[in-house]
Amino acid sequence: MSISETHRVIDAVWKIESARLIAGLARMVRDVSLAEELAQDALVVALERWPESGIPDNPGAWLMATAKHRAIDLFRRNKLLDRKHAELGRELKTQQDLAMANFDIPGDHQISDDLLRLVFVSCHPVLSTEARVALTLRLLGSLTTQEIARAFLVPEPTVAQRIVRAKRTLTQARVPFEVPRGPDLAARLSSVLEVIYLIFNEGYSATAGDDWMRPALCEEALRLGRVLAELAPQEPEVHGLVALMEIQASRLHARAGPRGEPVLLLDQERARWDQLLIRRGLAALERAEELGGALGPYTLQAAIAACHARAPNAAETDWHRIAALYDALAQLTPSPVVELNRAVAVAMAFGPAAGLELIDTLTSEPSLQTYHLLPSVRGDFLFKLGRFREAQAEFERAATLTQNARERELLLDRAAVCARK
């Protein structure tokens, strides 16, 4: 195998093993930043040795063993016990012995536990939302800072600073490397799910730039969601989020035309929807519902997506059920954006005038003043009511608010159609 081929294999191995490696090391050293450094050290050694010695039969175990030995050397170099005060010596020796005992290569069950801990640490609420997203993609998605920066259209130094600050914050806050229990679990789990869905949404509908979608981010969020579902199989909202992402991801190929232009839901060619992803999504939704209890926000949104997935064509969509599901979602998690989506469902079920009545109650909502979908949806209702001049103005206003070039082009096209009426 040539050096370049070996490096490609190492890159693939790293993509697969890095999260588990960092998670296992973080359990041992109780420091995410140090764990990542040790993992990177092991990667460097692999890049030096594998081109000559060949790829090991179990590359993940090789990387873990190498990183483990680096960690032991670090403990020894620092002479941790010798430099502590005498009154702390006995306690620290016990901790040291426990830490050294934990340097065994973990089994499958331990790997799962470690990964779950790493998920909760990287999505900890002590971090800003942007930091949580960046750190999650770095540690669990093994994306480089350059890849994260490119995905979110921010400068690479900004992403690097977010990651450095995030790891420093976790260390300073002494965030424990553990899965929260009891009442803390629900609050922390919601943060984890929020981060994964933020990553998915940025891929599904890019907020800025020239591309309508960034499928690689959708795929990464889906991978993280599926891993989380395996690690927390009894949490219904985890399965609800996976169901939602699977079903939405099934439409990716149909959401853009041959030139990359946006194709809206009702205009999509449903034969292009990925039936495997739909089946996976419906199965995950069924699992979430089987676990019992009141449906959470992600499960409700998945149920809405399932209504679209089950309809053989746009005309046969059960909009009355979708409107009812949005009613339940609005009661559970009231927000202007949910109300906006509910207005769309009401308009489809009961006519554009009913939808416009709901929309007009949102026009003074401060949080929606720069949200391009408010004038876009209002313009659509006005167009259907034959109020073309008003619709044109709304589409043009929406075009000035969006930061996505493809979406802006679509909105201006719709405004031009109004002008010709």
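In the predicted model, helix α15 (residues 336-350) packs against helix α17 (residues 373-384) at an angle of about 15°, and their axes are 11 Å apart. Axes are lines fitted to C-alpha atoms, for helices over the stretch in contact; angles run from 0 to 180 degrees between N-to-C directions. The angle makes α15 roughly parallel to α17, a label for angles under 35 degrees. The crossing of α15 past α17 is left-handed; that is, the near helix is turned anticlockwise from the far one by less than a right angle. On α15, the contact is made by L340, A343, V344, A347 and M348. On α17, L373, L374, V377, F381 and K384 take part. Contact here means heavy atoms within 4.5 Å. By class, the contact of α15 with α17 has nine nonpolar residues, no polar residues and one charged residue. Ala, Val, Leu, Ile, Met, Phe, Trp, Tyr, Cys and Pro count as nonpolar; Asp, Glu, Lys and Arg count as charged; the others, Gly among them, count as polar.

Residues are numbered from 1 along each chain as its sequence is written, and side-chain values use heavy atoms, with hydrogens and water left out. Because the model is predicted, local features need pLDDT of at least 70 and side-chain atom pairs count only at pLDDT 80 or more, whereas totals for chains, interfaces and linings use all residues.

The protein has 19 helices and two strands. These are DSSP runs numbered from the N terminus: H or I of at least four residues for helices, E of at least two for strands. The C-alpha trace spans about 80 × 50 × 35 Å along its principal axes. Of the 421 residues, 47% count as buried. Buried means under 20% relative accessible area, exposed over 50%, and partly exposed in between, with a 1.4 Å probe and protein chains only. Among contacts with a separation of 6 or more, 64% come from residues 24 or more positions apart.

Helix α13 (residues 297-310) is largely enclosed by the rest of the structure, because 11 of its 14 residues are buried. The buried set comprises Y298, T299, L300, A302, A303, I304, A305, A306, C307, H308 and A309. These residues pack against α9 (183-204), α11 (236-249), α12 (275-290) and α14 (319-332).

D57 lies in the loop between α2 (32-53) and α3 (59-78). D57 counts as exposed, because its relative accessibility is 85%. D57 and R76 are 19 residues apart in sequence and 30 Å apart in space, C-alpha to C-alpha.

Key: Angles under 35 degrees count as roughly parallel, over 145 as roughly antiparallel, 65 to 115 as roughly perpendicular and the rest as oblique.
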